[in-house]
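Visitor: Please take me through this model, starting with its fold and ending with its aromatic residues.

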Amino acid sequence: MSKQGIIGVEIVNLDEIFALVDELQNVDKNKSIKAGLRKAGRVFVSGGKRRLRERLIPGRTRTGNLMRSFTIRVKRHKLGALAGFKQAKFRGDVTAGNHAHLVDRGTVERYTKDGRYRGVMPANYFWDDTYMIDSGQALNELKKGIMEAVNKLQNG
């Protein structure tokens, strides 16, 4: 399902997707398919943000770094898109979502070597639920996005 905070859509009937773009040239095929993949990725990002907002404890102070770190990346050479979180490439990146797995999966009670209690993070499973609930909608948006791009290129 999700590896390191990244989820995607598995296209079951690839022939149906290629049938939508058959009349187009290769360059236009790639553009239209990538447009559909981007739309499918947006479904996961918007659903993830919505579920995260709903499940965070109200009244607690937040920096918003996890909300800002949601991202979509369409693959360059393969058919696919990844929806997930930005990772800090260097120190000082304040929009990094390096702690997304802790918020999603939670932590156990933690203690220091001295025995001091450092707390527990309850799991809220916002990312797992987003994948389970929004997969069907993402496939529909994929097809819809491809159709819109094909129509735009043909009428363009």
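Guide: A contact here means heavy atoms within 4.5 Å. The model is a predicted one.

Visitor: In what order do helices and strands follow along the sequence?
Guide: The protein has five helices and four strands.

Visitor: Which element supplies the largest share of the largest nonpolar core?
Guide: This core has 23 residues, and L52, L66, F70, F85 and F126 touch the most other members. Elements that each supply at least two residues include α3 (65-68), β2 (81-85) and α5 (126-155). The largest share, seven residues, comes from α2.

Visitor: With which residues is L66 in contact, leaving aside neighbours within four places in sequence?
Guide: L66 is among the core residues that touch the most other members. Once those sequence neighbours are set aside, its contacts are L52, F85, G97, H99, A100, V103 and F126.

Visitor: What kind of pair do the rings of F85 and W127 form?
Guide: F85 is buried at 8% relative accessible area, and W127 is buried at 2%. Their ring centres lie 5.1 Å apart with planes at 50°, so the pair is tilted.

Visitor: Which residues form one aromatic cluster with F85?
Guide: The whole structure holds eight aromatic pairs. The cluster with F85 is formed by F70, F126 and W127.

How values were computed
Residues numbered from 1 in each chain as written. Predicted model: local features only at pLDDT ≥ 70, side-chain atom pairs only at ≥ 80, totals over all residues. Heavy atoms only, no water. Core = buried A, V, L, I, M, F, W, Y, C linked by side-chain atoms within 4.5 Å. Buried < 20%, exposed > 50% of the residue type's maximum accessible area, 1.4 Å probe, protein only. Phe/Tyr/Trp six-rings, centres within 6.5 Å; stacked < 30°, edge-to-face > 60°.
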